[in-house]
Amino acid sequence: MSSIGTVDGGAFTAGSKGFGFAVLRSKTGRLLDILVGFWVFTGAMVFIEPSPYEVSFAAMLPVAILAGMGLYRSTFGLFAIMIGFIPFALIAVFQVRITPLDDALIFTAVTIFLLLTSYFIANYLAEDTTRRSRIVIGAYTAAAVVVSLIGTLAYLRLIPAADLFVLYGRAKGTFKDPNVFGPFLVLPAMFALQRVLLLKGRRALFAGMVYGILFVGVFASFSRAAWGHFAFSSIMVMGLVFWLEAAARDKVRIMIMSLLGLVMLGVALAGLLSIPAVSSLFEERAAGQSYDQGETGRFGRQGYAWDLALENPSGIGPKEFRNLRVSEDPHNSYVTVLLVYGWGGGFFYYLLIVLTLWRGFAALARPSPYRLIMIPLISTFVMLVGESAIIDTDHWRHYFLIAGMIWGISTAIRNDHRSGAPREQMVI
């Protein structure tokens, strides 16, 4: 006979007195960890739809239920955002005039699915936080390193079928667009950077290699937004580690490591730019782009999109904007969500961002064993929020994964009253 109860600071989970049920939960719990790792790894494989990410998540949910994964009160805000978002988004679907209705429904269903993934990962990480965080970050890092190597080698024409992993002369790896490929690599790079700053010996050296591989991958994407994202997130990680976590004896070492790292990255960049084709594309991408200018350029489209959003409280529906006066999307998530999901859907999307940032920074303000996990997360998410003003991020899988991770880690910080733990145990 099962019952519903609360454990670990407010988690609702199924319980049972039966020995057989306990064995089942133990086995499914181990299986759940494996499936979560696989699901996160498939986040790098989005060149087809539905992608393995969606399929593996659907397969994982029943296992999570059987494993008795808890649902935490402090993550309920994510669930409430999703529930509040759904009716407005569905109303907006039926505003389409040119886009096929089934295409619009699928687009909105994907958004709802991504909100659900945030809620899932938040509750998964809220319990057994350190071990589960290692599973998630380990799988993410493995995927990022693999896809970064594929993208870089394809860009350099060093692997067969290189054209499959390159678009417009820029590395895209197993993504559809270089502008998604580059930002995907940032989070694991930030965890690697934190390990370089705080650890010594082989672990720090290996982390430095990971950071270097991901740096080259981001560079090969030739995404200006990804370049800025990588640079400013790195600066934020270094600053937060130095300010919040470094002991006095560590601070000198961090400064030395930072300077040495900058020199090494400069050498790597100089080596890449010594290749004529790389240098030429870098100069082209670093300069202003013609598609940013004019009435139908990026910023002209955004102005038109804001006017259109203000005139349509119910939205115009998914994929409809590109059928109007211009043929491209506005490339600004904050206006896109108003157009695609209406004012109500846009409000809940904005609420997701505001509450996620608030929870992340509030968690940083509190000494905790899990603050070292939060530092790379918030450093990456802050830049994603900024990047959203120049590109559409509302269907980026890693965006919603990171948002959910911030909610999960902040929940763990609220529920664990320890102010610290041995660093070797907590550096992910």
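The second largest cavity holds about 40 Å³ of space; a cavity here is a set of points, on a 1 Å grid over the protein atoms alone, where a 1.4 Å probe fits but cannot get out, and its volume is the space filled by probe spheres set on points joined across faces, edges and corners. The model is a predicted one, in which local features need pLDDT of at least 70 and side-chain atom pairs count only at pLDDT 80 or more, while totals for chains, interfaces and linings use all residues. Residues are numbered from 1 along each chain as its sequence is written, and side-chain values use heavy atoms, with hydrogens and water left out.

Lining this second largest cavity (an atom within 4 Å of a point) are Val 40, Gly 43, Tyr 53, Tyr 140, Phe 184, Arg 397, His 398 and Leu 401. Helix H15 (residues 397-415) gives the largest share, 3 residues; helices are DSSP runs of H or I, at least four residues long, numbered from the N terminus. By class, the lining splits into 5 nonpolar, 2 polar and 1 charged, where Ala, Val, Leu, Ile, Met, Phe, Trp, Tyr, Cys and Pro count as nonpolar, Asp, Glu, Lys and Arg as charged, and the others, Gly among them, as polar.

As for the largest cavity, its volume is about 50 Å³. Among the residues lining it are Thr 152, Tyr 155, Val 216 and Phe 219. H8 contributes the most, with 3 residues, and the lining has 7 nonpolar, 1 polar and no charged residues.

Then there is the second largest pocket, with about 820 Å³ of space; a pocket is an open set with protein on both sides within 12 Å along at least five of seven lines. It is lined by 32 residues, and Tyr 211, Gly 261, Leu 262, Met 264 and Leu 265 sit closest to its centre. Helices H7 (186-198), H8 (201-221), H9 (224-245) and H10 (248-273) each supply at least two lining residues, with H8 giving the largest share at 12. The lining comprises 25 nonpolar, 7 polar and no charged residues.

H7 also packs against H9 at an angle of about 35 degrees, the axes being 10 Å apart; axes are lines fitted to C-alpha atoms over the stretch in contact, and angles run from 0 to 180 degrees between N-to-C directions. Contact (heavy atoms within 4.5 Å) involves residues including Ala 189 and Leu 193 of H7 and Phe 230 and Val 237 of H9. These contact residues divide into 10 nonpolar, 4 polar and no charged.
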